[in-house]
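Trainee: I would like to learn how to read a few features in a protein model. Can we take them one at a time?

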Amino acid sequence: MDFSFTEEQLMLQDVARRIAQEKIAPSAEHHDRTGEFPLENIRLLGENGLMGIEVPTEYGGAGMDPVAYVLAMVEVAAGDAAHSTIMSVNNSLFCNGILTHGSEAQKQKYVRAIAEGEAIGAFALTEPQSGSDATAMRCRAVKQADGTYVINGKKSWITSGPVARYIVLFAMSEPDKGARGITAFLIDTDNAGFGRGKTEPKLGIRASATCEIEFNDYVAQADDVLGQEGEGFKIAMGVLDAGRIGIASQAIGIARAAYEATLEYVKDRKAFGAAIGTFQMTQAKIADMKCKLDAALLLTLRAAWVKGEGKRFSNEAAIAKLTASEAAMWITHQAVQIHGGMGYSKEMPLERYFRDAKITEIYEGTSEIQRLVIARNETGLR
Ligand code: CAA
């Protein structure tokens, strides 16, 4: 077993760290306070290959592997979680699915624009009444005699929805077939029949714009279908497996930023005549934070490695996301506690890390769904 990284992986990590520390972290407080979408920084990440890390260079990406993706995501998330949310959706949920299931023309048209940072992508599965139970979707795609589809319905909680040019959409094309009646479509938001609803006011990742989207007699052409008709649910699940590696990495980045700030603080802050880092209660928290952080990173790298080997990685991705997101929540909680009043104040980023961490236990499959996936894989029972 080799725990070292390749030169290329380290180079990409270095590029991500530089942008995160020089451009992203300094503006994170502003973006959190205003909710302003960080378009300039997203373009910069795209110009440096970070919006299509696993996208081959012929489609405008960096042509790197899933381990490089983890390393880069951690750095960006440590700079600001909201930026890493946009990065994760572009890389995993948008580009990954089209690379795996798309035609050559679809890859050229949709992947290139996102990988190069010229446009932003989104992924539309969730609806107002269906989140974890994704097959309960009501959005309908009705096939016409000429081979086109007429799409009607609503999708909610769409990350980057307010700014996305292209969207991977899942709609029910044959309702009586359940999961096997769902089809994936590639949507151009400039086309007639597409609309955006209200933007969600959120607890954290506030600069990653989220909204409802609506389809009113949107006409999709036959070559807008991603993969085959009826394959949509499997495409969504496969894409979410990859997405869960991205969210695990995001959780690690948030947790690492909170941990590093805490390490500094416990050496400086004095109480009862000594640095608080000399107190055993603080030391126990530091040790537990470090163990959870390393465990989360190693499990996430394992999932990325299995993906890179071309094997099924659903279980590894669920284990990584569950461990990393719960570690991020715990670590940011302890970081706020150790900082006391300063942890609760907006003068320091600890309270933001704490708010940002929470979403990692919810999106791309809640912790309950990860436990369900893991238990089903382990027991073979349904
Ligand atoms: N890869 C490939 N195929 C898969 C799969 C995977 N990971 N998981 C399931 N499938 C296949 C199954 O093999 C099955 O195929 P057959 O019909 O051929 O047997 C089919 O899909 C149906 O599978 P299940 O019967 O297991 O489906 P289910 O209804 O029991 O649901 C679930 C399983 C795990 C609960 C799933 O619905 C799930 O993961 N739900 C959570 C959805 C989710 O993560 N939503 C997040 C929204 S997106 C988001 O947050 C984006 C954002 O903006 C950041």
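Mentor: Start with the salt bridge: a side-chain nitrogen of Lys or Arg within 4 Å of a carboxyl oxygen of Asp or Glu. Side chains of opposite charge can pair when their charged atoms come close. Two notes before the cases. This is a predicted model, where local features need pLDDT of at least 70, side-chain atom pairs count only at pLDDT 80 or more, and totals for chains, interfaces and linings use all residues. Residues are numbered from 1 along each chain as its sequence is written, and side-chain values use heavy atoms, with hydrogens and water left out.

Trainee: How many salt bridges does a search of the whole structure find?

Mentor: The search finds 21. One of them joins Arg112 to Glu116, with the closest N and O atoms 3.0 Å apart.

Trainee: Which residue forms a salt bridge with Arg371?

Mentor: Glu326 does, and the closest N and O atoms are 2.9 Å apart. Arg371 sits in helix α11 (residues 367-379) and Glu326 in helix α8 (residues 314-339), so this pair ties together parts 45 residues apart in sequence. Helices here are DSSP runs (H or I, at least four residues), numbered from the N terminus. Arg371 is partly exposed at 42%. Glu326 is partly exposed at 28%.

Trainee: At what angle do α8 and α11 pack?

Mentor: First, the method. Axes are lines fitted to C-alpha atoms, for helices over the stretch in contact, and angles run from 0 to 180 degrees between N-to-C directions. For α8 and α11 the angle is about 145°, and the axes are 9 Å apart. Contact means heavy atoms within 4.5 Å. On the α8 side, the contact residues include Ala318, Ile319 and Leu322; on the α11 side, they include Val373 and Ile374. By class, this contact has 5 nonpolar, 6 polar and 4 charged residues. The classes are simple: Ala, Val, Leu, Ile, Met, Phe, Trp, Tyr, Cys and Pro are nonpolar, Asp, Glu, Lys and Arg are charged, and the others, Gly among them, are polar.

Trainee: How do the axes of α1 and α2 cross?

Mentor: Helix α1 (residues 7-34) and helix α2 (residues 39-47) have axes that come within 11 Å and cross at roughly 160°. That makes α1 roughly antiparallel to α2. The cut-offs: under 35 degrees is roughly parallel, over 145 roughly antiparallel, 65 to 115 roughly perpendicular, and the rest oblique.

Trainee: Which residues of α1 and α2 meet?

Mentor: Ile19, Lys23, Ile24, Ser27 and His31 of α1 meet Asn41, Leu44 and Leu45 of α2. They divide into 4 nonpolar, 3 polar and 1 charged.

Trainee: Which residues are linked in a network of salt bridges?

Mentor: Asp32, Arg206, Lys346, Glu351 and Arg355. Within it, Glu351 and Lys346 meet at 3.3 Å, N to O. Glu351 is buried, at 11%, whereas Lys346 is exposed, at 58%.

Trainee: Where is Pro349 found?

Mentor: Look in the loop between α9 (341-344) and α10 (350-358). Pro349 is partly exposed at 25%. Its C-alpha atom is 8.2 Å from that of Ala258, 91 residues away along the chain.

Technical notes:
Helices (H or I, at least four residues) and strands (E, at least two) are DSSP runs, numbered from the N terminus. Buried means under 20% relative accessible area, exposed over 50%, partly exposed in between (1.4 Å probe, protein chains only).
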